[in-house]
Structures are given as structure tokens and as C-alpha cells.
Amino acid sequence: MMTFKEALDLKAHKFGTYICANLTIENKLELFNWVQANKIPEPCSPSQYHATVVYSRKGIPGADKDPILKKSAMASAGDWKIFDSKDGKKCLVLHLESGCLEKLHKHFKTEYGAIHDFKTYEPHITVSYDYGSDVVPKT
């Protein structure tokens, strides 16, 4: 079980608004140790581990004052998946099973009109932005 404790971080970007859930230090270390032990190519720094809740190209003013940002969220590790990046690289991501993150995503879409570029919201943590393979690691 992963804990995103006091973890929601909202940042205004020049292209909109970004909200992510940050892992606890213990969970970052556990995931990093797994990445190292499995020799994952081009690994991300553990400081980059996060689950995006919203990346809305439309700004969502007022969201930074929403009390929901103070809450913790829980997630369970799901399957490994490969996502294609916009620059044609293969990203290795850990899919997360988390009703909490899904509710947060829906909250910011419903309450603030946040938008995103994908058909569905898939909570995940990227561990490599240049994995170089279509084969997911064995768990």
C-alpha cells in the first residue's frame, strides 16, 4: 500500500494547472530499490516519483484553496504498463489502484472544470521516461 500523505501539490504552469500526489519518503525508497534491483533502464530519480491528479491546460483558479488538498490518499500497486510519450519514447509506469486518486481527479474536473488530453484517467507513477522496450518487467 502506498501512502500519499499531505501530498497534494498544486502548481500553476504556463500551460494551465498541475496537481500531483507525492509519495512518502518510505514509498519512494521502496520503489527506487525495486527499480535498481531490476536494472530498469534510464530510471527516474525518486524525487520525481508522483501520481498526477490533474494536468489541465485550462487554468483552475481557486483550486489552491480547496481543503481537499490537505487530505491523504492511498493507493495499491497494480500492473506495470508501457505508455508512449509524445516524443516517441516508451515510458514504464506502475499503474495504481486508487479510488482516492480517481475521486480527486473527478473532483477537480467537476468542481473547477479541469480538462485533460486523455480519454481516461489512469493513476500511475512513471519510473522511466525512456524504458526502450514494450516488455513489462515481471513482479
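Here are some questions and answers about the predicted model shown above.

Residues are numbered from 1 along each chain as its sequence is written, and in this predicted model local features need pLDDT of at least 70, side-chain atom pairs count only at pLDDT 80 or more, and totals for chains, interfaces and linings use all residues. Side-chain values use heavy atoms, with hydrogens and water left out.

Q: In what order do the elements of the protein chain run from the N terminus on?
A: Let's start with the elements, which are DSSP runs numbered from the N terminus: helices (H or I, at least four residues) and strands (E, at least two). The protein chain has 2 helices and 7 strands. From the N terminus on, they run β-β-β-α-β-β-β-α-β.

Q: Which element gives the largest share of the lining of the largest pocket?
A: A pocket here is an open set of points on a 1 Å grid over the protein atoms alone, where a 1.4 Å probe fits, with protein on both sides within 12 Å along at least five of seven lines; lining residues have an atom within 4 Å of a point. The largest pocket has a volume of about 930 Å³, taken as the space filled by probe spheres set on the points, which are joined across faces, edges and corners. Of its 28 lining residues, the closest to the centre are Thr52, Phe83, Phe118, His124 and Thr126. Strands S4 (50-56), S5 (73-84), S6 (90-97) and S7 (124-128) each give two or more residues, and the largest share, 6 residues, comes from S4.

Q: Is Ser98 buried or exposed?
A: Ser98 lies in the loop between S6 and helix H2 (99-112). Leaving aside residues up to four places away in sequence, Ser98 touches Met74 and Ala75, a contact being heavy atoms within 4.5 Å. A polar atom of the Ser98 side chain lies 2.7 Å from the backbone oxygen of Met74. The cut-offs are under 20% relative accessible area for buried, over 50% for exposed and in between for partly exposed (1.4 Å probe, protein chains only), so at 4% Ser98 is buried.

Q: What is the phi of Lys39 near?
A: Lys39 sits in the loop between helix H1 (25-37) and S4, and counts as exposed at 70% relative accessibility. Most residues other than glycine have a negative phi. In Lys39 phi is positive, near 50 degrees.

Q: What is the phi of Glu42 near?
A: Glu42 is also found in the loop between H1 and S4. Glu42 counts as exposed, at 54% relative accessibility. Its phi is a positive value in a residue other than glycine, near 45 degrees.

Conventions. A polar contact is a pair of N or O atoms within 3.5 Å; within protein, one must be able to donate a hydrogen and the other to accept it, and residues adjacent in sequence count only if both atoms are side-chain atoms.
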